[in-house]
Amino acid sequence: MNSKITDQLKEKYNAIDQDAEVHLEGLLHSKPINYWEYIQTDALLNLQVQRTVFPDENVFIMYHQVNELLFKMVLSEMSQIAALEHIDTETFTAKIMRISRYFDVLTSSFSIMKDGMDVDQYNKFRTTLTPASGFQSAQYRMVEFASTELINLIDKRFRDNFTIDEDFTNAFEHLYWQAAGKDFKTGKKTYTLSAFEERYKDEIIRFIKHYQDKNLWSKFKTLPKEDQASKDLISAMRHYDYTVNIKWVMAHYETANHYLNINGKTAEATGGSEWVKYMHPKYQKRIFFPDLWTEKEKETWGTDI
């Protein structure tokens, strides 16, 4: 064995108070790894559990599972950026573009949903999925909180004069997506929203606290002024913002419209959400990096497509 590698192995295990020879001896008894074991193929292919007899429900399940895996990839990149005390523009730009590519895939993949399921089958099996909704994706909510400051995710009706509270509970109640499952006049929430909060609210608030000064927008604003002026970085951030908050959202909106706008009548989403006003970017004007857009661009957000 190469003596340099041996020395490096000894250094590695000495650093954690382990005997390198014991670990090397363990290799004598280990099996070669195979693709299906490393990827956990059997487990992965057994995660699809249909609730109906319609074949296209399986497409629906797998598509959303792929989405969740891509969200996990996005969050992995964001956690790496958050962990860096100082980040240079080259690394920041490369990471932002890597995240954007994941959302480029998410955006283009909506054709699988829009054109890859039978409309009649979907409108039969979807009632069996009630009250579950993609609205309940906790990972996507985390992507948003890791992207921008909390004020930019407050419902547009309250955003201009809103004050973020220290424990974030009042802010949580006024997040833009609450509009999809809450009557702000009565305070009554749908089961879909209540169940989501019961499962994830505490975890999400902890996540918000962790990322309040580590989100992409906050990290950008800590850069030296000359770095904030980087054309490549600004371009990457604008691309990401537009991709997530307009292109991806509109691809989702158009897919929903394909299945839920039946004979000119808008059907209710499975979770009972007011999905048109929740999804379409022109209503909530979700913008992660507001200072990187002109006033006219912000005013016409979501209307130029």
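Modeller: What follows is a set of questions about salt bridges, accessibility and a surface patch.

Modeller: This is a predicted model, in which local features need pLDDT of at least 70 and side-chain atom pairs count only at pLDDT 80 or more, while totals for chains, interfaces and linings use all residues. Residues are numbered from 1 along each chain as its sequence is written, and side-chain values use heavy atoms, with hydrogens and water left out.

Colleague: Why is the contact between Lys 221 and Glu 149 called a salt bridge?

Modeller: A salt bridge requires a side-chain nitrogen of Lys or Arg within 4 Å of a carboxyl oxygen of Asp or Glu. The closest N and O atoms of Lys 221 and Glu 149 are 3.0 Å apart, so the pair meets that definition. The two residues lie 72 residues apart and link distant parts of the chain, with Lys 221 in helix α13 (residues 216-221) and Glu 149 in the loop between α9 (138-147) and α10 (156-159). Helices here are DSSP runs (H or I, at least four residues), numbered from the N terminus. The structure holds twelve salt bridges.

Colleague: What makes Lys 221 partly exposed?

Modeller: Buried means under 20% relative accessible area, exposed means over 50%, and partly exposed lies in between (1.4 Å probe, protein chains only). Lys 221 has 38% relative accessibility, and therefore it counts as partly exposed.

Colleague: Arg 157 and Asp 155 also form a salt bridge; how do you know which of these residues is buried and which is exposed?

Modeller: Their closest N and O atoms are 3.0 Å apart. Asp 155 has 0% relative accessibility and so counts as buried, whereas Arg 157, at 56%, counts as exposed.

Colleague: What separates Glu 203 and Arg 199 along their helix?

Modeller: They are four residues apart in helix α12 (residues 191-211), which means a separation of about one helical turn. Glu 203 is partly exposed because its relative accessible area is 32%, and Arg 199 is exposed because its value is 52%. Elsewhere, salt bridges that share partners join Glu 173, Lys 189, Glu 197 and Lys 201 into one network.

Colleague: Why is Tyr 38 called exposed?

Modeller: Tyr 38, which is in helix α3, has a relative accessible area of 64%, and therefore it is exposed.
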